[in-house]
Each structure stands twice: as C-alpha cells, then as structure tokens.
Amino acid sequence: MALHLNLLHEEILEQRQRQRDPLKIGMMILISLGVVLFLYYTWNAYQTLSIKAQLSAIDREWSKVEPKVTAAEKRSSELNGIIKTTGVLNEYIDHRFFWGPFLEKLARCVAPNTQLTSLEGTVLEENKGVSVVIEGVAAAREPRSAAEDLRQMLGEQLSQGGYSDVKVEFKTLDDLDTIVSVGGASMAMAHYVLGVTFNPAAKASPTPAPARPTRR
Amino acid sequence: MNKLGLKKDQIQKVGLTLVGFVILLYIYFSFFLGPLNHSRSAALAAINEKQSKLASSKNNLAKAANLEQQAKAATARFAALKSLNSEGAPIAWFPPRMKVFFANQQIDKAVARLESSAVFKQPELSAWLKFNWVIDLPQADYATLGTAISQLENAEPLLAVTKVSIHASPDQPEFQQVVLMATNTIPKQ
C-alpha cells in the first residue's frame, strides 16, 4: 500500500475553518433575512400605496359631494325652521279670539227695552278665556226681569255659539228713579252690570272608554 | 471549546451575529414596517370614515329633496304670512294702514298708536316680534264696528284683538266710542 502524504493539510484545515466561519454564515443569514424582509416591506408598501390611491379617489368624490351636502343640510335646517315657525304661527292664528261673532251674538240678545252703555272685553292671557263686562239699562214694568231676560238670553246664545264654561252674572242690578216712555208707555228703569266669562274653545267631548274584552 | 465544537472567537462571532439580527429586526419594525402599517391603518380608517360620510350624505341629499317636497305648503304659507307685513318700521306703515282700513269700513277718525313691542317666548318665533297697538275709533256705529272688526280679523291673520272697549257717546247716541287693543306679529327687520 502506497503511503499517501497530505502536505497541504494545514491549508485545507484553514479553508474548512474559513468556510465554517460563524460570522460569515451569520452575515449570509442576515442578508437573506434582510432580502425577505425587504420583499415583505415592498409588498406592504405597494398595498399601502393602493389604499392611499383609493383614499385620494374617495377624497376627490367627497370634495365634489361636500358642497352639495352642506347646502342640503343648510336648506334642511332652514326648511325645518320654516315648518316649525309656520306651525306655531298657524296655531297662533287658529287660537285667536274673534270678536266679530261675539258682538253679533250680543247684538241679538239686546231687546228694544234694554240698552248697553258700555262694554269692556278682554282676552285673558295663556288661553284662560275671555272676560267681558257689560253695563246698561233696562226699561220695563219689571225692569229687573228685563235685565234678567238679557242675562239668560246672552248665556244661551254664547253656549249655543260654541263657547264653553259660559258664566253670565250680575255684578250689580239697581232700580233707577228715572221713568222713560217706551212705545208710548211709561216704564221704570234698572241699571245693571253683567260680568261674562267664557272659554272660546268648545268643550271637548269625553273620549269613550275602550270596551273591556269579555272573559270567557 | 464547547459542546458544539465552537472556539471562543467563534462564539463571539455568533453573539455578534445575534446582536446584528436583533438590531436589524428592531430597525425594520420600528422605522420601516411600523410606520408603514400605521400609515395604512390611518388610510383605511379615513376611507371608512369618508365612505360612511358619503353614504350618509347621499341619505341626507335624498331627505333634503323629500323635505323640499313636503315643505312646499309650509314654505308658501310662510311666504304669504311674511308678505302680509310691509317693509320698514311697523310704526311707519301700520297706523296709516289701519286708518285706510277703517275708512273703507265707513269708520272715520281711526287712530292707531304703538303701545309696546316684545319678543315671543317660543324659540320658533325668535325672528318675530309682537307689537301691541291701541286703535281709537271715536265715532263708530255698533253694527259697522262689528263688521269692521270681523273684516279686520279675517284680513289680518297675524293680528289679534285682545281688548275691546265700547262706550256710548254721550253727545251722539247713534255712535259709540271704541278703543281696540290689538297685537300684531311682525318679522324682525
């Protein structure tokens, strides 16, 4: 068997050691990892850029829509304000007290032998009704009964006329010494002051109670 | 030498490599991937926000169009009520208007004067004012007065007569002395 001498064993050993150098291997691993991480970063960056492009497209769309939306919102709030104000104004208009019909009803109640000398009518605040003070004179054989007729007729007229809580009361009723001639006949006179209060709104009819279901 | 057969200098190199690895990861996540992810999340959140805004804005536009249709009657009524009042200070146009109105109703010598003005309690009427007027009618016939008041109440829906005072005229029994107190609702100038 031939003797084989390896005279380069030291160089070979050094070469092997260089190949097994942990720093070199580590650097190679680090570089490989760096490349992988870079690719991953690039992929992420690409995705982010596409998302940003999508965002800028939406921004452009929003910038087109925004003025319209702002104008629509402004108009909506304006319209809501108009609707509410009109509603309140309509309510105010509908809840006014109309003096014309009242004066007409009062005129119907005044017989030829009664006379009104003054009328003071006030619409009470917060829908508390209407208060009227009527002063006048009545001439008849029984002047007090003439004044009472006026009081009763006024009460009936106002109740039938759609007003509720009608109260017609004498504040004063005094005989006068004066004698007047009505239709050629001498009549005694009485002075009266009537206090009238009523609610212009008609009394609401009570809602019928719901029928109870019969038990079986 | 250790179990893996590494020499001391090799162990140092492995340690150095590990340190480099940690530094690489730290730099990568802190200065590259972290900000990128943060930026992407912010963009996604902004997209969601804008999309929801766009969706709601489309709803709002549709609602506004519907409201415009529904509010036609109210808008017309509002414009009609506003047009009942003339431009300018009410004290300049209301007394002459009352004078002309009552003159047309055969009641002469009508004098209207401003008693007070006030704001409304209701927030809906914050742009309106109420003016309280005293209208003197020193010579009026009862029947004519009744007709005139009815006409006034119908012609001026924003005017409410709050007080009526009628007294027989001592000198002219066929006439009455009348004082009306009326509240008129007028938009703020």
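**Figure 1. Helix H2 of chain A crosses helix H2 of chain B.** The axes of H2(A), residues 22-94, and H2(B) come within 9 Å and cross at roughly 60°. Axes are lines fitted to C-alpha atoms, for helices over the stretch in contact, and angles run from 0 to 180 degrees between N-to-C directions. The model is predicted: local features need pLDDT of at least 70, side-chain atom pairs count only at pLDDT 80 or more, and totals for chains, interfaces and linings use all residues. Residues are numbered from 1 along each chain as its sequence is written, while chains are lettered from A and ligands numbered from 1 in the order in which they are written. Helices (H or I, at least four residues) and strands (E, at least two) are DSSP runs, numbered from the N terminus.

H2(A) and H2(B) are therefore oblique to each other. (Angles under 35 degrees count as roughly parallel, over 145 as roughly antiparallel, 65 to 115 as roughly perpendicular and the rest as oblique.) Their crossing is left-handed, meaning that the near helix is turned anticlockwise from the far one by less than a right angle; clockwise would be right-handed.

From H2(A), the residues A:Ile82, A:Ile83, A:Thr85, A:Thr86 and A:Leu89 meet B:Ala74, B:Thr75, B:Arg77, B:Phe78 and B:Leu81 of H2(B). The residues of this contact divide into 6 nonpolar, 3 polar and 1 charged. Here Ala, Val, Leu, Ile, Met, Phe, Trp, Tyr, Cys and Pro count as nonpolar, Asp, Glu, Lys and Arg as charged, and the others, Gly among them, as polar. Two residues are in contact if their C-beta atoms, placed from the backbone, lie within 7 Å.

**Figure 2. Chain B meets chain A.** On the chain B side, 55 residues are in contact with 50 residues of chain A. Helix H1 (8-70), helix H2 (72-83), helix H4 (142-155) and strand S3 (159-168) of chain B each give two or more residues to this side. The largest share, 29 residues, comes from H1(B). By class, the chain B side has 30 nonpolar, 15 polar and 10 charged residues.

**Figure 3. An open sheet of 8 strands includes strands of chain A and chain B.** The order is S3(A)-S4(A)-S2(A)-S1(A)-S3(B)-S4(B)-S2(B)-S1(B), with antiparallel pairing. Two strands pair if DSSP finds at least two bridges between them. The edge strands are S3 (164-182) of chain A and S1 (111-119) of chain B, and each pairs on one side only. Neighbouring strands are turned by 15° against each other on average, direction ignored.

What joins S1 of chain A to S3(B)? The two strands run antiparallel and are joined by 5 bridges, with S1(A) spanning residues 114-123. A:Gly121 stands opposite B:Val164 in S3(B). Within chain B, S3(B) pairs with S4(B), residues 176-187, over 9 bridges in the antiparallel sense. B:His167 stands opposite B:Gln177 in S4(B).

H4(A) packs on the sheet. This helix touches S1, S2 (130-140), S3 and S4 (185-199) of chain A, and its direction makes about 150° with that of S3(A).

**Figure 4. Helices H3 and H4 of chain A pack together.** H3(A) (residues 99-109) and H4(A) (residues 143-160) pack at an angle of about 145°, with their axes 9 Å apart. The crossing of H3(A) and H4(A) is right-handed. A:Lys105, A:Leu106, A:Arg108 and A:Cys109 in H3(A) meet A:Leu150, A:Met153, A:Leu154, A:Gln157 and A:Leu158 in H4(A). This contact has 6 nonpolar, 1 polar and 2 charged residues.

**Figure 5. A:Gly155 and A:Arg151 lie in helix H4 of chain A.** A:Gly155 counts as partly exposed because it has 18 C-beta neighbours inside 10 Å. A residue is buried if 20 or more other C-beta atoms lie within 10 Å of its own, exposed if 12 or fewer, and partly exposed in between; C-beta atoms are placed from the backbone. Leaving aside neighbours within four places in sequence, A:Gly155 is in contact with A:Val166 and A:Val168. The C-alpha atoms of A:Gly155 and A:Val168 are separated by 5.8 Å, though 13 residues apart along the chain.

A:Arg151, with 19 C-beta neighbours inside 10 Å, is also partly exposed. Beyond four places in sequence, A:Arg151 is in contact with A:Val168, A:Phe170 and A:Leu194.

**Figure 6. A:Asp165 and B:Gln106 have positive phi values.** Most residues other than glycine have a negative phi. Phi of A:Asp165, in strand S3 of chain A, is near 50°. A:Asp165 has 13 C-beta neighbours inside 10 Å and so counts as partly exposed. B:Gln106 has a phi of about 65° and lies in the loop between helix H3 (90-104) and S1 of chain B. Is B:Gln106 buried or exposed? With 12 C-beta neighbours inside 10 Å, B:Gln106 counts as exposed.
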